[in-house]
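Please read the following points with the sequence and the structure open beside them. They begin at the ligand and then turn to the chain as a whole.

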Amino acid sequence: MKRTEISFSWEASDFIKEDVLLFTRNGSQPNVMTLTFKSIGIILGDPCLTIFVNSKRFTSELLETNPEFTICRGGRVPDYIGGCGKYTGRDTEKISLFSMETLPGQLVSVPVLKECKVSYECKLVEYSESVIMEGYKMYIGQIEGVFLHENVSE
Ligand SMILES: Cc1cc2nc3c(=O)[nH]c(=O)nc-3n(C[C@H](O)[C@H](O)[C@H](O)COP(=O)(O)O)c2cc1C
């Protein structure tokens with residue numbers, strides 16, 4: 001699977017409107033959840049993703065243990081949106097349950113979905129309680145790289 005680095009803002013309008021998969025990792029154990037609440041832009045000159053995760057989610061714990069994450073959109077992502085938004089990684093290994101094929105991140109320790117269209121690899125720089133979404137935390141990740149997965153259809 002060839003992955004080509006692209007601009008962070010490539011098809012940003014698709015990124016904003018689609019449900020995506022958010023991968024995290026604790027030690028050898030990766031996890032994935034479905035994510036709707038997110039934004040993309042530039043903060044102090046650096047490309048960043050802002051994501052909103054409920055503080056009760058297992059993913060929230062993982063983000064604060066290992067401050068890296070990846071986001072995948074397009075390709076086969078829609079096949080996994082329902083399942084990854086229903087089960088928790090606290091008691092279910094979703095990646096193997098749904099037979100998801102992953103690839104190692106190229107710039108972070110967190111994997112990406114092999115057959116997604118675009119993967120974003122991020123390092124967490126800051127997080128805080130959200131003011132606009134009660135019970136949620138806002139996590140800001142600096143985008144280390146964005147990759148187009150060649151030969152994966154939209
Ligand atoms: C379509 C859809 C979108 C979702 N978007 C979000 C979101 O933006 N933020 C969030 O905290 N949870 C969201 N969820 C819920 C989580 O994906 C869900 O609670 C998941 O099981 C959490 O997994 P975890 O416990 O392994 O972290 C969404 C669920 C679905 C079905």
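1. Three elements each contribute at least two residues to the shell around the ligand: strand 3 (29–35), strand 5 (46–54) and helix 2 (58–65). Among them, strand 3 gives the most, with four residues. It should be kept in mind that this is a predicted model.

2. Which residues come nearest to the ligand? Of the 20 residues around the ligand, these are Met33, Thr59, Gly85, Thr88 and Gly89.

3. The shell around the ligand may also be described by residue class. Eight of its residues are nonpolar, eight are polar and four are charged.

4. The secondary structure of the protein chain comprises four helices and ten strands. Read from the N terminus, the order of these elements is β-α-β-β-β-β-α-β-α-α-β-β-β-β.

5. The overall dimensions deserve a separate remark. Along its principal axes, the C-alpha trace of the protein chain spans about 40 × 40 × 25 Å. The radius of gyration of the protein chain is 14 Å, which agrees with a compact globule, because a globule of 154 residues would have a value near 15 Å.

6. Of the 154 residues of the protein chain, 35% count as buried. How many of the contacts between residues at least 6 apart in sequence join residues at least 24 apart? In the protein chain, the share of such contacts is 68%.

How values were computed. Residues are numbered from 1 along each chain as its sequence is written. This is a predicted model: local features need pLDDT of at least 70, side-chain atom pairs count only at pLDDT 80 or more; totals for chains, interfaces and linings use all residues. The radius of gyration is taken over C-alpha atoms; the globule rule is 2.2 Å times the number of residues to the power 0.38. A residue is buried if 20 or more other C-beta atoms lie within 10 Å of its own, exposed if 12 or fewer, and partly exposed in between; C-beta atoms are placed from the backbone. Two residues are in contact if their C-beta atoms, placed from the backbone, lie within 7 Å. A residue is near a molecule or strand if its C-beta atom, placed from the backbone, lies within 6 Å of it. Ala, Val, Leu, Ile, Met, Phe, Trp, Tyr, Cys and Pro count as nonpolar, Asp, Glu, Lys and Arg as charged, and the others, Gly among them, as polar.
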